[in-house]
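Biologist: I would like to learn how to read a two-chain model. Can we go through it feature by feature?

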Amino acid sequence: MQFMLLFSRQGKLRLQKWYVPLSDKERKKISRDLVQTILARKPKMCSFLEWRDLKIVYKRYASLYFCCAVEDQDNELITLEIIHRYVELLDKYFGSVCELDIIFNFEKAYFILDEFLLGGEAQETSKKNVLKAIEQADLLQELWEPPQGWLSELSLPAST
Amino acid sequence: MPAPIRLRELIRTIRTARTQAEEREMIQKECAAIRSSFREEDNTYRCRNVAKLLYMHMLGYPAHFGQLECLKLIASQKFTDKRIGYLGAMLLLDERQDVHLLMTNCIKNDLNHSTQYVQGLALCTLGCMGSSEMCRDLAGEVEKLLKTSNSYLRKKAALCAVHVIRKVPELMEMFLPATKNLLSEKNHGVLHTSVVLLTEMCERSPDMLLHFRKLVPQLVRILKNLIMSGYSPEHDVSGISDPFLQVRILRLLRILGRSDDDSSEAMNDILAQVATNTETSKNVGNAILYETVLTIMDIKSESGLRVLAINILGRFLLNNDKNIRYVALTSLLKTVQTDHNAVQRHRSTIVDCLKDLDVSIKRRAMELSFALVNGNNIRGMMKELLYFLDSCDPEFKADCASGVFLAAEKYAPSKRWHIDTIMRVLTTAGSYVRDDSVPNLIQLITNSVEMHAYTVQRLYKALLDDISQQPLVQVSSWCIGEYGDLLVSGQCEEEEPIQVTEDEVLDVLEGLLVSNLSTPVTRGYSLTAIMKLSTRFSSINRIKKVVSIYGSSIDVELQQRAVEYNALFKKYDHMRPALLERMPIMEKTASNVHTMFFGGYVWYYFFTLNCAFLSLAIPPMTAYSKNGLKIEFTFERANPNPNIAVITIHATNTTEADMTEFVFQAAVPKVSHDLSVTFVLEWPSQSPDLNPIENLWRELKVRVAQQQPQNITALEEICMEEWAKIPATVCENFVKTYRKCLTSVIDNIYRNFWTIKRT
């Protein structure tokens, strides 16, 4: 996978994960153009299209479009499954996920994605394991304190 | 200083903005606050500030001033800081800036951290955006982690290694030992990422491919277990166990089995099993079937298996899900060359897909349909394709028209069918046909001698209906010009001959000349056609009148033609019939009819050449012979390229005086965009005009003449004397001025001697 974009029906970007090195300007241009192209497509059209020299796989879930750019040798149908798996993960984590969850907790959406995919490929095929890892990491975030050492004498409050 | 506002608070606030300007104002205010907070090196709230910055970055606002702050967060000991820091690095930094290298040390430390989630963050970041330098520095750490027994880290290390190999292919070797027992893992995450790693290595290196071929039995076993094992809640997707892993294994098998008989044989059974046992009611099953089909078609599978694969694709074509149909058409397109007959069986389904609503599916179906046309199905297929041409979107018309022409040319069952098909394309998609179609069609028509009457009649009728489609109009004009006599004499055998008079025909052609719809090229065709009819029709006076009117046309192209045709009527009327006679059959290599006019300063002469001369031998001809000046043209094909005609002009002066200011002008018509006409001026090596020795002879002649020799002996003596007396400086001068002489000649060649006009 080269990149994944999540955007709303109005074309607002909610998440962008890039697996290829591109400058900020190039990313902006690609996002803008691709979002326009996909939003222009009719609902009856198929989920795959050729755009520039990439294969694009996209699917709409409620008000959000999930869009991936994959390589030539990648299986488009399994990419649809990957997108679906990600949506399921978000759904399980947030409990009936909606666009607002992703807007207000975008960093968490990224964390979940980074436990599911790495470098554009799936790193974990078990839903349970991904969610467990996220849970543990969240816990770590709550409980983590720097090693006490000489600071333990000064009773400093735990910072959030 | 109050604590910076929380992230969610900021998001809420920004969302209340009603205009772009309002939003921008809020963002700017917050950015200013964040900047001053960064300046104060506030450790406590750095994380919060960077998170807010990332949100604003997603909205499209610049956030580069946060890059260094991300690095500081990564270096922090707090997990929250690291999490946001690494996220920020992945979003704001890119490997083209040197700043990212500052991360390397932090990542190295974190790869060795005591907490696996920190190690995980580091691996993820490296595997997502690590530059080649970073990869080189840290490959060792990744390799270490690839050997760990912690499956959480091992799977991440595998994908990180994939990224390292992509960035620095030379490092591939160092990961080889660690791959030894990757496939014996029970953990699906590790299995999946290992297969990805092995795939990457095999694709990049033929040696690796050879090395890993021995893994085929193990891979087959794993796949078999996945299929045969019962319900596994952890990996189940709609009744299929770990489809992601299955697909990746199938893909690796494809690479390993390619061009290797033994490996291919070892996987035949499992492929057949997957192909027949996979549940196809949902997308996930079809995804596996799709990958299986791709593998079967790529390895050296037995024919039964290949037929099975194509049948699966055929079933896909009937699936309600358009995604499946799309994927099927794409795959069939890839296999149509190698398994042509098998794909033919699904021809009718493919043709049905031409009527699909989806643009991508339509295009694939069209490409596939053209690939399937052959001598047996041409009539049926063409009916469907012409219907498609009628109703399809404009973006398809050009490609479809070209495809129809190609197919018709290859497989036309009869000449009449061929011409009918062409007519149909020209009338339905006439404005979309490519430019080179016109000359190709003209050639086709010319060569179908027995169909001339029929063709010209049909084209004439088409012109009566519609003169807006230029390629159609051009071909029709040309035909009428050539075969107008057949039209008027009603010689058509194929269908009911129509009654049309010469005047009616001329009306139509003149109509084209004046119509706003006609392009200049079309007008040229019409005028030439009218001219040609002067030898086929009896109403010469009318034609003469038209031609003389256009002699003052604003369009330079038309004007030139008219003037020259006028001259043909006046001065060279005796040549007119020969010049305008019917075109002979053209060879495939000839691409167009062109008319060359030669006009000169000294004389005015023109003649018509048609490209048939490329196939026929043309005898030499005397173009001009008057007042002691004789010009001869000889024609031959160039060696080695027979598509080049070489016309040599021999000019002979039989008078006693020199002929000076010899100016030759050649006019070359604009034939077609593709045809290139180049004139190469060849100045023979023994040509006296540019030989400096001639100057010396003249010098000697002058000196000898001054001595006035009375007899031959005296002449000889004086010649020898005067020759010896010519000083060396005179010769030197001739040599010195030779260069200037040459450049001046070259200048004049392009200015006066040869004026190549394109008409």
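Modeller: Start with the charged pairs across the boundary. Ten salt bridges are counted between chain A and chain B. This is a predicted model.

Biologist: What is the general idea behind such pairs?

Modeller: Side chains of opposite charge can pair when their charged atoms come close. Take one case here. The side chains of A:E121 and B:R166 form a salt bridge, at 3.8 Å from N to O.

Biologist: Which residue forms a salt bridge with B:R8?

Modeller: A:E107 does, and the closest N and O atoms of that pair are 2.9 Å apart. The pair runs between chains, with B:R8 in helix 1 (residues 7–15) of chain B and A:E107 in helix 4 of chain A. Over all chains, the structure holds 52 salt bridges.

Biologist: How should I read the size of the interface?

Modeller: The size of an interface is often given as the accessible area lost when the parts come together. In this model, chain A and chain B bury about 6,300 Å² between them. Carbon and sulfur atoms carry 57% of that area.

Biologist: How many residues does the contact take from chain A and from chain B?

Modeller: It takes 65 residues from chain A and 75 residues from chain B.

Biologist: Now chain A by itself. How many helices and strands are there in chain A?

Modeller: Chain A has five helices and seven strands. Read from the N terminus, its elements follow the order β-β-α-β-β-β-α-α-α-β-β-α. Along the principal axes, the C-alpha atoms of chain A fill a box of roughly 65 × 35 × 30 Å.

Biologist: Next, helix packing. At what angle do helix 4 of chain A and helix 5 of chain A pack?

Modeller: Begin with angle and distance. Helix 4 (residues 106–116) and helix 5 (residues 127–143) of chain A pack at about 130°, and their axes are 9 Å apart. That angle makes helix 4 of chain A oblique to helix 5 of chain A. Their crossing is right-handed.

Biologist: Which residues of helix 4 of chain A meet helix 5 of chain A?

Modeller: A:F111, A:I112, A:E115 and A:F116 of helix 4 meet A:V130, A:A133 and A:I134 of helix 5. By class, this contact of helix 4 with helix 5 of chain A has six nonpolar residues, no polar ones and one charged.

Biologist: Let me see a pair in chain B. How do helix 7 of chain B and helix 8 of chain B pack?

Modeller: Helix 7 (residues 116–129) and helix 8 (residues 132–146) of chain B pack at about 135°, with axes 11 Å apart. That makes helix 7 of chain B oblique to helix 8 of chain B. Here the crossing is left-handed. B:Q119, B:L123 and B:L126 of helix 7 meet B:M134, B:L138, B:V142 and B:L145 of helix 8. The contact of helix 7 with helix 8 of chain B divides into six nonpolar residues, one polar and no charged.

Biologist: Where do the axes of helix 23 and helix 25 of chain B stand, in angle and distance?

Modeller: The axes of helix 23 (residues 415–429) and helix 25 (residues 452–465) of chain B cross at roughly 15° and come within 11 Å. Helix 23 and helix 25 of chain B are therefore roughly parallel to each other. Their crossing is right-handed.

Biologist: What makes that contact?

Modeller: Helix 23 of chain B brings B:R416, B:I419, B:D420, B:M423 and B:T427. Helix 25 of chain B brings B:Y454, B:T455, B:R458, B:L459 and B:A462. The contact of helix 23 with helix 25 of chain B has five nonpolar, two polar and three charged residues.

Conventions:
Residues are numbered from 1 along each chain as its sequence is written. Chains are lettered from A and ligands numbered from 1 in the order in which they are written. This is a predicted model: local features need pLDDT of at least 70, side-chain atom pairs count only at pLDDT 80 or more; totals for chains, interfaces and linings use all residues. Side-chain values use heavy atoms; hydrogens and water are left out. Axes are lines fitted to C-alpha atoms, for helices over the stretch in contact, and angles run from 0 to 180 degrees between N-to-C directions. Helices (H or I, at least four residues) and strands (E, at least two) are DSSP runs, numbered from the N terminus. Angles under 35 degrees count as roughly parallel, over 145 as roughly antiparallel, 65 to 115 as roughly perpendicular and the rest as oblique. A crossing is left-handed if the near helix is turned anticlockwise from the far one by less than a right angle, and right-handed if clockwise. Contact means heavy atoms within 4.5 Å. Ala, Val, Leu, Ile, Met, Phe, Trp, Tyr, Cys and Pro count as nonpolar, Asp, Glu, Lys and Arg as charged, and the others, Gly among them, as polar. Buried area is the accessible area (1.4 Å probe) that two parts lose on being put together, summed over both. A salt bridge is a side-chain nitrogen of Lys or Arg within 4 Å of a carboxyl oxygen of Asp or Glu.
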